[in-house]
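Subject: Structure handover

Hello,

Here is the structure you asked to take over. Please open it next to this message and follow along; my notes come after it.

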Amino acid sequence: MMNHESNMPEKRSLHRSFLPAFLRRNFTRKAVAVFLAALLYYYVQDQLGAEARFSKIPVEIDLPGMLHNADYIVPSVTVVITGSTAKLNELSASDIRIRAAVSMDDYTPGSPYILRLQPRDVKLPSGLKVERIEPSDIQLPHLEPMVTRRVPVAAEWSDPEGRHAEYSVQVQFVPESVAVSGPESVVRTIKEVKTVPIPLDWQATDQFSVAATLLAPPDVEMSVAKVEAHIEVLLKYTSRTFKKLPVMVMDDSRLTPRRVQILNEEGVEVTVNGPPSQVTLMRDVQLCPYVDISGIREAGEYQLAVECRMPDDVESAVKRVFPSKVKVKIAEP
């Protein structure tokens, strides 16, 4: 028993000898320092070491006023962001905004423009950093200059009755032309600027003026939105000839009836002039060519002028009768 107790201090001394002397001195403090250093390391790693990728982030492009981007597809890129795990977990693609500007100094007409994205073009919540942008270069192949030129104004008519062919419509605009501004490829294809349909009143043929609104072509701006339209509407006539019409005789019924013979047996041709809608529908039985013998008292043969009676409800008129005179024989009963 005495021997066992006397060996205990020797064992404790043996256990301590496994630790180097510099660790045995102030061991507790050193252990605490190591523990705190480990915590600090993991904290720093948490703050700076995490990385996340966000794809399909749209790029907003600022253009100078004299340039236009004809490509309507918004470019997108992938952004690699570093920061704390906690902040990255809270970050969504909608929190990332990329906005870059096109410089006129780097623009060459007819050549694709290369837009180089920089980390400063990316707006992020505080505490996060842009590691890289993929791709960092965006090609803009459809940049073109904005141009301005003058084009004439053309009238568009509202004709619900479909009678425009019957009328001659003349219009003068003030101003006669307008300036259009827009992308060069669009402006050079514009030959004229049309008005909003102008209503026409076929009940009256006269002169009148209206403020006509202009229809702006797509993607362009105009120097004015309205022009003054001075309009003159004239009825347009067409002609039609009716052949071999018999000539009738007009006589004064108060006189004794006489025998009258038209020696021109082939009849006459009558040409009428009037609105197309009436002339094309007119029939020969509606025309009545005649000679008037009311003032002739003696029997004999006469060369008499041929007149022609028209229906009262038409606007057409006789343009020509051929032959204009026929031989008429008048005899006593």
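Two strands count as paired if DSSP finds at least two bridges between them. With that in hand, the sheets can be read. Please keep in mind throughout that this is a predicted model.

Strand 15 is joined to strand 17 (residues 226-235) by 7 bridges in the antiparallel sense. As an example to look up, Gln207 stands opposite Glu232 in strand 17.

Another open sheet of 3 strands, also antiparallel, runs in the order 18-21-25. Here the edge strands are strand 18 (238-245) and strand 25 (317-322), each pairing on one side only. Neighbouring strands in this sheet are turned by 20° against each other on average, with direction ignored. Between strand 18 and strand 21 (residues 268-274) there are 6 bridges, again antiparallel. Leu245 has Val268, in strand 21, as its bridge partner.

For background, strands of a sheet pair through backbone hydrogen bonds, either parallel or antiparallel.

**The chain as a whole**

The protein chain contains 6 helices and 26 strands. Of its 333 residues, 30% are buried. Taking contacts between residues at least 6 apart in sequence, 72% join residues at least 24 apart. The exposed surface comes to about 21,900 Å², and carbon and sulfur atoms supply 53% of that.

**The largest nonpolar core**

Which residues have the most contacts inside the largest nonpolar core? They are Val77, Ile81, Ile96, Ile98 and Leu117, in a core of 26 residues. At least two core residues come from each of strand 1 (50-62), strand 3 (76-83), strand 4 (97-101), strand 5 (113-116), strand 7 (129-134) and strand 8 (137-140). Strand 1 gives the largest share, 5 residues. In soluble globular proteins, nonpolar side chains tend to be buried together.

Leaving aside neighbours within four places in sequence, Ile81 is in contact with residues including Ala50, Ala52, Phe54, Leu88, Leu91 and Ile96. Glu51, Lys129 and Glu131 are also among the contacts of Ile81.

**A buried loop residue**

Val220 sits in the loop between strand 15 (207-213) and strand 16 (221-222). Is Val220 buried or exposed? Its relative accessibility is 11%, so Val220 counts as buried. Not counting residues up to four places away in sequence, Val220 touches Ser181, Gly182, Val186, Val187 and Ile190. The C-alpha atom of Val220 is 9.4 Å from that of Thr148, although the two residues are 72 apart along the chain.

**Cysteines**

How many disulfides does the structure hold? The count is 0. A disulfide is a covalent bond between the sulfur atoms of two cysteines. With a relative accessible area of 16%, Cys308 is buried, whereas Cys288, at 23%, counts as partly exposed.

**Backbone details to check**

Most residues other than glycine have a negative phi, and most peptide bonds are trans. The following places depart from that.

- Glu134 and Pro135 are joined by a cis peptide bond, with omega about -10°; Pro135 lies in the loop between strand 7 and strand 8.
- Phe322 and Pro323 are joined by a cis peptide bond, with omega about -10°; Pro323 is in the loop between strand 25 and strand 26 (325-331).
- Lys56, in strand 1, has a positive phi near 55° and is exposed, with a relative accessible area of 72%.
- Lys244, in strand 18, has a positive phi near 55° and is exposed, with a relative accessible area of 69%.

Regards

Terms used:
Residues are numbered from 1 along each chain as its sequence is written. This is a predicted model: local features need pLDDT of at least 70, side-chain atom pairs count only at pLDDT 80 or more; totals for chains, interfaces and linings use all residues. Side-chain values use heavy atoms; hydrogens and water are left out. A nonpolar core is a set of buried Ala, Val, Leu, Ile, Met, Phe, Trp, Tyr and Cys residues joined through side-chain atoms within 4.5 Å. Buried means under 20% relative accessible area, exposed over 50%, partly exposed in between (1.4 Å probe, protein chains only). Helices (H or I, at least four residues) and strands (E, at least two) are DSSP runs, numbered from the N terminus. Contact means heavy atoms within 4.5 Å. Accessible areas come from the Shrake-Rupley method with a 1.4 Å probe; for residues, only the protein chains shown count as cover. A disulfide is a pair of cysteine sulfur atoms within 2.5 Å. Axes are lines fitted to C-alpha atoms, for helices over the stretch in contact, and angles run from 0 to 180 degrees between N-to-C directions.
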